[in-house]
Amino acid sequence: MSKFVIAVYVDNKAGVLTRVTSMFTRRGFNIDALTVGETENPDYSRITITLDGDDYMRQMMINQMKKLYNVKKVEVLDDAPITRELMLIKVKNNRETRSDVLDATNVYRAKVIDYTATELCIEITGDPTKIDAFVKLMEPYGILEMCRTGIVALERGAGTLLNK
Amino acid sequence: MKMTGAEIIVNTLIEQGVTDVFGYPGGQVLNIYDALYKNSDRINHILTAHEQGAAHAADGYSRATGKVGVCIATSGPGATNLVTGIATAMLDSVPMVAITGNVPCPLLGRDSFQEIDIVGVTLPITKHNYIVKNIADLADTIREAFSIAKSGRPGPVLIDVPKDVQIAEYDFEIQPVAPKIPLPKAEQSEIDAAVDMIKEAKRPYIYIGGGAAGLGMGKEIMALAEKIDAYIGCSFMGLSAIPNSCERFLGMQGMHGHFASSLAQKDSDLILAVGVRFSDRATGNAAKFAKNSKIIQLDPDFAEINKNINVDLGIVADVYDSFTRIAAALPRAKHPEWNELVGSLKAREADLEKKAEERAKGALTPKKVLDIINEKKPAHTVIATDVGQHQMWAAQYADFDGPRRFVSSGGLGTMGFGLGAALGAMVGSGDPTVLITGDGSFGMNLNEVATAVSYNIPVVIVLMNNGVLGMVRQWQTLFFGKRYSNTVLGRQTDFVKLAEAFGAIGVRAATPDEFAKAFEDALAAGRPVIIDTLIDKDEFVLPMLPPGGSIDDIIVNKEGEGNE
């Protein structure tokens, strides 16, 4: 089992995301995260999928995705793509812990985006491992709520997926 | 020329070469039916008793002719009644276009009367599907649907058309028939690799499936078998691709496959798989399947390579092209030891059949029914079936004299498929058509006898009547301690009177002589006939590989005995 990231170009049309995700359910592929958004070309959306699986599962997933008519390109991103994720996290705010939380926020180059007497809301962007580490760091201070976007990823260099 | 959406639908169907459609009218397809009425001299519509029958008829039409079958249904229940038929076509890769009406666009999503999201419902059971909300896209969507349905690995496509789109007007210009999108040709290095592997083989087995049957490449396959001294076996879906008269054809392999075919596959050292998907019913326990053989797989669908069985070489390309190039590059070969081995398997099979015949003591056994059908049926007869024991007996014992002569639900195993499919097959092919069915399956959709009568489609229905759900009962006998839970029907249906009530001919046969006479008369009747054929409820489909078992676990007789 290993973690991999798949980038998919699909037609930017209603219902296409359902076609892709319902296929995952049907074929028993369990995904960790999925993000979708517009691309440089308004005709296409880009879906980034992160999942754990073996080689068989990875190949089956790619094959079945390629069979969908609205899927234009499927690519497993190479070993070290640029990956980023955004998280919003709400942590308890009190006199005892405030300076520790703010120090950590600074060190992680995160941003405080809301501040009340009882909570701090922090925005952090980065590689998923960095986000994981930040979550772990915040746990003792009392996490009230958090949400993560799932990763987006691009390969390094001048090449583009559509021209590959 | 300006036309309404409904007229565009009908004219695009005609443009795409459609001559027959099957369907059922309703509120949201009134406009389409009006356009069909106005164009009834150019396109023939057959009204079935139920939308499911229309879907199976379109499917049977396609299987028997190779053309794209078309069915039409209204929104809501009309559309959902197509679902089993569409799924049946999907699992067997049958090209089909289903057109459904829906409520007008402004009413979509409001749980309007007879509104259902049929695109959502059929997402997993279509090759692709559409809802057309813009009249400008309508004709091209239908053209694309035909192209998708028949290209590569074929399959069903559904087009949902809201009523306001059927009413709106738009320009229509006739275009050429949408082409099949050609598949890429195999690389020469792939062909060379396959040729090298086959040259090494001492015990070659050509294993063909629905993909090969659909391409009608039986002659080429038989020629290669002759050239390299190979034997041919098939999956259920590969039946009728090779005429049973071919000496090198061992028949179907798999769960209920011919003894010699399944054993020869196991004993082979090379399997050339053509258009098969290695279904669990064909392979048994995948881990034990063909352990001693190298496997080459030719298929149009890359997702079928290494899906169920790991192969040594997969060639994803135009199957006919790959096959004929491999065949041309191979030198002649002789394998006397292989001939001897297969000869002994055939002898053992003949011995098993002889013993079964002796045990039958002249009774009307299922095999006897098929023997009589084989003897009396005219050339080019299409044999359609439902699903269950009778289907497997037909698969084992029916003789086919050409491709597209076997119409049966393989992948989905749809009870109730047969009658609608037989009608579609007969309408499409114009050839004599025999439906072999059982009292369980027939009970599911026998309403289509009304369709056969009203259009005078003279299908011969051989109803193997044993009063039980035989296949499930067989499993209960073997694996559930003879606890016959809900498989003994205890119905009092008189199928002769039922036939007469529908306006068809009904006749009963309990002995081989009675059946032979009834079958001959039925072929000559020129009207639909039901032959209520009484068989023993304890007949088994044999041989059998138990579910999850391998060829080593084969059961060859009713006592549950194995090989040797």
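These legends walk through several close-up views of a predicted two-chain model.

Residues are counted from 1 along each chain as its sequence is written, and chains are lettered from A, with ligands numbered from 1, in the order in which they are written. Because this is a predicted model, local features need pLDDT of at least 70 and side-chain atom pairs count only at pLDDT 80 or more, while totals for chains, interfaces and linings use all residues; side-chain values use heavy atoms, with hydrogens and water left out.

**View 1. Chain A at a glance.**
Chain A has 4 helices and 9 strands; helices here are DSSP runs of H or I with at least four residues, strands are runs of E with at least two, and both are numbered from the N terminus. Of the 164 residues in chain A, 41% are buried. Buried means under 20% relative accessible area, exposed means over 50%, and partly exposed is anything in between (1.4 Å probe, protein chains only). Among contacts in chain A with a separation of 6 or more, 73% come from residues 24 or more positions apart, a contact being heavy atoms within 4.5 Å.

**View 2. Where chain A meets chain B.**
Chain B puts 14 residues into the contact and chain A puts in 13. Together they bury about 1100 Å², with carbon and sulfur atoms giving 58% of that; buried area is the accessible area (1.4 Å probe) that two parts lose on being put together, summed over both. How many salt bridges does the rule find across this interface? It finds 1, counting a side-chain nitrogen of Lys or Arg within 4 Å of a carboxyl oxygen of Asp or Glu. A:Lys67 and B:Asp301 meet in a salt bridge, at 2.5 Å from N to O.

**View 3. A charged network that includes A:Lys67.**
Salt bridges that share partners tie A:Lys67, B:Arg153, B:Asp301, B:Glu304 and B:Lys307 into one network. Over all chains, the structure holds 30 salt bridges.

**View 4. Helix 1 of chain B, tucked inside.**
Helix 1 covers residues 5–15 of chain B, and 10 of its 11 residues are buried, so the rest of the structure largely encloses it. The buried ones include B:Ile8, B:Ile9, B:Val10 and B:Leu13, along with B:Asn11 and B:Glu15. After this helix comes B:Gly17, with a positive phi near 90°.

**View 5. A buried salt bridge between B:Asp92 and B:Arg63.**
The closest N and O atoms of B:Asp92 and B:Arg63 are 3.0 Å apart in this salt bridge. It links distant parts of the chain: B:Asp92 sits in the loop between helix 5 (83–91) and strand 5 (96–102) of chain B, while B:Arg63 belongs to helix 3 (residues 51–65), 29 residues apart. Are these two buried or exposed? Both B:Asp92 and B:Arg63 are buried.

**View 6. B:Asp552 reaching B:Lys266.**
These two side chains form a salt bridge at 3.3 Å, N to O. B:Asp552 lies in the segment after strand 20 (529–534) of chain B and B:Lys266 in helix 12 (residues 259–267), so the partners are 286 residues apart. B:Asp552 is exposed at 53% relative accessibility, whereas B:Lys266 is partly exposed at 30%.

**View 7. Two helices joined by B:Glu520 and B:Lys376.**
Here the salt bridge is 2.7 Å from N to O. B:Glu520 is in helix 23 (residues 512–525) of chain B and B:Lys376 in helix 16 (residues 366–376), 144 residues apart. B:Glu520 is partly exposed, with 42% relative accessibility, and B:Lys376 is partly exposed too, with 25%.

Most residues other than glycine have a negative phi, and most peptide bonds are trans. B:Ala290 has a positive phi of about 45° without being a glycine. You'll find B:Ala290 in the loop between helix 13 (280–283) and strand 13 (294–299), buried at 10% relative accessible area. B:Arg404, another non-glycine residue, has a positive phi near 65°; B:Arg404 is partly exposed at 25% relative accessibility. Finally, a cis peptide bond with omega about 0° joins B:Leu542 and B:Pro543, and B:Pro543 lies in the segment after strand 20.
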